[in-house]
Amino acid sequence: MKGPYPEIQGGGSLILAWQIRNKKILVVGGGEVAAGRIVNVLNADANVTVISPRAGLNDEVAHRIEQKQVAFVDRKFEPSDLDGVDMVLTAVDDPEASSQIYKLCHEKRIPANIADVPPECDFYFGSVHRDGPLQIMVSTNGNGPKLANIVRRQIAASLPHNIGAAVQRVGILRRKLRKVAPAQEEGPKRMQWMSKVCEQWTLDDLCDMTEEDMETLLGFYRPGTVPSLEQVRLQEPDGAYDGPFLI
Ligand SMILES: C[C@@]1(CC(=O)O)c2cc3[nH]c(cc4nc(cc5[nH]c(cc(n2)[C@H]1CCC(=O)O)[C@@](C)(CC(=O)O)[C@@H]5CCC(=O)O)C(CC(=O)O)=C4CCC(=O)O)c(CCC(=O)O)c3CC(=O)O
Ligand SMILES: NC(=O)C1=CN([C@@H]2O[C@H](COP(=O)(O)OP(=O)(O)OC[C@H]3O[C@@H](n4cnc5c(N)ncnc54)[C@H](O)[C@@H]3O)[C@@H](O)[C@H]2O)C=CC1
């Protein structure tokens with residue numbers, strides 16, 4: 001197929017879902033902004049160390065330390081803190097310290113977010129809605145962080161209540177499908193069938209889908225058809241089915 005191709009609109013950010021599970025993340029500072037950063041990276045299963053004099057900790061950060069959700073170093077930042085670190089987030093009320101940390105990270109090619117200094121950020125945070133495995137991030141690319149918050153809440157309010165649960169059930173079904181049809185060459189067929197299930201079933205159907213329903217549904221993968229949830233349940237002898245019977 002020839003064009004039309006998407007028009008390029010420069011000036012944006014590359015929005016990614018960065019995988020930081022078990023990566024070493026250094027948070028410099030222990031105030032309110034640091035507390036927000038810590039929530040973001042812990043939600044992505046990172047291995048987090050906080051550097052700040054204890055006297056500067058806010059209640060939330062002190063709680064994370066007490067609960068051993070993060071490691072803690074009770075002093076100001078020192079350059080050796082960067083050894084072996086994968087990402088740095090600073091949130092300190094000392095612009096000189098911020099600048100020094102940024103320069104060191106830049107030299108060592110460690111990606112960094114320097115709160116309060118957008119030009120010294122390799123990446124910005126955004127306003128994130130989370131519902132189970134579903135995440136939606138809004139960025140205004142530095143123009144209006146509070147507006148990002150307002151847009152994010154508006155989007156969240158317009159979502160179906162069960163969207164996160166539906167995404168979670170689909171994830172289980174997809175992993176089972178990969179076991180039933182693991183071959184590389186099956187990629188196009190697998191993707192087409194999975195797309196059809198997502199299009200033809202309602203979110204409620206996807207949420208209600210039991211493990212037994214999944215096994216039955218996967219029986220339709222070979223012929224490449226997608227039955228309704230009702231049809232799936234009619235095939236199950238011990239019937240999770242409790243709706244009207246249709247032939
Ligand atoms: C560039 C960026 C770099 C980064 O921090 O990564 C940045 C920079 C700055 N923010 C400042 C101020 C505020 N930041 C917030 C809130 C958030 N800020 C976030 C991200 C970002 N902030 C990145 C751009 C993201 C984007 O543009 O979309 C959010 C989305 C995510 C998060 O921080 O986790 C989070 C909302 C999370 C949520 O609600 O879910 C509020 C509102 C509040 O606190 O309620 C205010 C006050 C009101 C206002 O200014 O809008 C100032 C000081 C300006 C000054 O001095 O006047 C600077 C520095 C500057 O602009 O120079
Ligand atoms: N998203 C953003 O970019 C935003 C940035 N800010 C800015 O971010 C900075 C931090 O804000 P808050 O958390 O509210 O400040 P805060 O005053 O509550 O916390 C500052 C923290 O930095 C620590 N600290 C200071 N010097 C340090 C050093 N050399 N090494 C290690 N820790 C050190 C202190 O102990 C304290 O825990 C401020 O400059 C603020 O203006 C504020 C709002 C939003």
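Helices (H or I, at least four residues) and strands (E, at least two) are DSSP runs, numbered from the N terminus. Counted that way, the protein has 9 helices and 7 strands. This is a predicted model, where local features need pLDDT of at least 70, side-chain atom pairs count only at pLDDT 80 or more, and totals for chains, interfaces and linings use all residues. Residues are numbered from 1 along each chain as its sequence is written, while chains are lettered from A and ligands numbered from 1 in the order in which they are written.

**Overall shape**

The radius of gyration (over C-alpha atoms; the globule rule is 2.2 Å times the number of residues to the power 0.38) is 24 Å for the protein, whereas a compact globule of 247 residues would have one near 18 Å. Along the principal axes, the C-alpha atoms fill a box of roughly 75 × 50 × 40 Å. Of the 247 residues, 21% are buried, that is, 20 or more other C-beta atoms, placed from the backbone, lie within 10 Å of their own.

**Helix α1**

In α1 (residues 32-42), the buried residues are Ala-34, Ala-35, Arg-37 and Ile-38. They sit on the same side of α1 because they cover an arc of only 165° around the axis, taken from the directions from the helix axis to the C-beta atoms. Elements in contact with them (C-beta atoms within 7 Å) include these:

| Element | Residues |
|---|---|
| β1 | 24-28 |
| β2 | 47-51 |
| α2 | 59-66 |
| β4 | 87-90 |

**Ligand 2**

α1 also gives the most to the shell around ligand 2, with 3 residues.

Conventions: A residue is buried if 20 or more other C-beta atoms lie within 10 Å of its own, exposed if 12 or fewer, and partly exposed in between; C-beta atoms are placed from the backbone. Two residues are in contact if their C-beta atoms, placed from the backbone, lie within 7 Å.
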